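Reader: Could you walk me through the pocket and the aromatic pairs of the model shown below?

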Amino acid sequence: MYYGALKKTDIANGPGVRVSLFVSGCRHHCKGCFQPETWDFTFGTEYTDRTTEEILEALEPEYINGLTVLGGEPFEPENQRELYYLYKKVREHFPNKTIWVYSGYTLDKDLWQEGAFARCDLTDEILGMIDVLVDGEFELERKNIMIKFRGSENQRLIDVKRSLEENKVVIIKDEELK
């Protein structure tokens, strides 16, 4: 897996101050994508064990609220295996910090349904470690800079833990965000 950027103090991609990893590789190719260079699976820097260590070190300060993973596409099958180990380490070291993931794939159609392209043997375990999923492709025609933590109105903020418990998609409303 490769990544295009690692931001150690990001305030744009989730609540509070976060560490954000922008993975490489994306098949969506959304019109108006703000990072089309990340469509290439070999764009940027190769992800290594040292990258994981760097992320864990960046998450240590108390003022860091959590990890955000976006891209590119974190749920491309090629990226899920490496990210599984990252999420697992974050959960082990920082159980009270949140994990947010941005994906063009939708929870109910692309990640839950058996046989969907984005699913692999680790998808369910990954979902079990994520707090919030921002799902849906960016749609330029529905771009809205007034909504929180999303680029277009079709994208949803999903409480993944509640969604798994209730076996239905549970949307987080903007006013519920801290």
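**Pocket lining and aromatic pairs**

Author: The lining of the largest pocket comprises 14 nonpolar, 12 polar and 4 charged residues, where Ala, Val, Leu, Ile, Met, Phe, Trp, Tyr, Cys and Pro count as nonpolar, Asp, Glu, Lys and Arg as charged, and the others, Gly among them, as polar. This is a predicted model, in which local features need pLDDT of at least 70 and side-chain atom pairs count only at pLDDT 80 or more, while totals for chains, interfaces and linings use all residues. Residues are numbered from 1 along each chain as its sequence is written, and side-chain values use heavy atoms, with hydrogens and water left out.

Reader: Which residues are the closest to the centre of the largest pocket?

Author: A pocket is an open set of points on a 1 Å grid over the protein atoms alone, where a 1.4 Å probe fits, with protein on both sides within 12 Å along at least five of seven lines, and lining residues have an atom within 4 Å of a point. Of the 30 residues lining the largest pocket, the closest to its centre are Phe34, Tyr102, Phe138, Gly151 and Gln155.

Reader: Why is the pair of Trp100 and Phe149 classed as it is?

Author: Rings of Phe, Tyr and Trp (its six-membered ring) pair if their centres lie within 6.5 Å, and planes under 30 degrees apart count as stacked, over 60 as edge-to-face and the rest as tilted. The ring centres of Trp100 and Phe149 are 5.3 Å apart and their planes stand at 80°, so the pair is edge-to-face.

Reader: Are Trp100 and Phe149 buried or exposed?

Author: Buried means under 20% relative accessible area and exposed over 50%, with partly exposed in between (1.4 Å probe, protein chains only). By that cut-off, Trp100 and Phe149 are both buried.

Reader: What is the geometry of the aromatic pair of Tyr3 and Tyr47?

Author: The structure holds 3 aromatic pairs. In one of them, Tyr3 and Tyr47 lie 6.1 Å centre to centre with 80° between the planes, which is edge-to-face.
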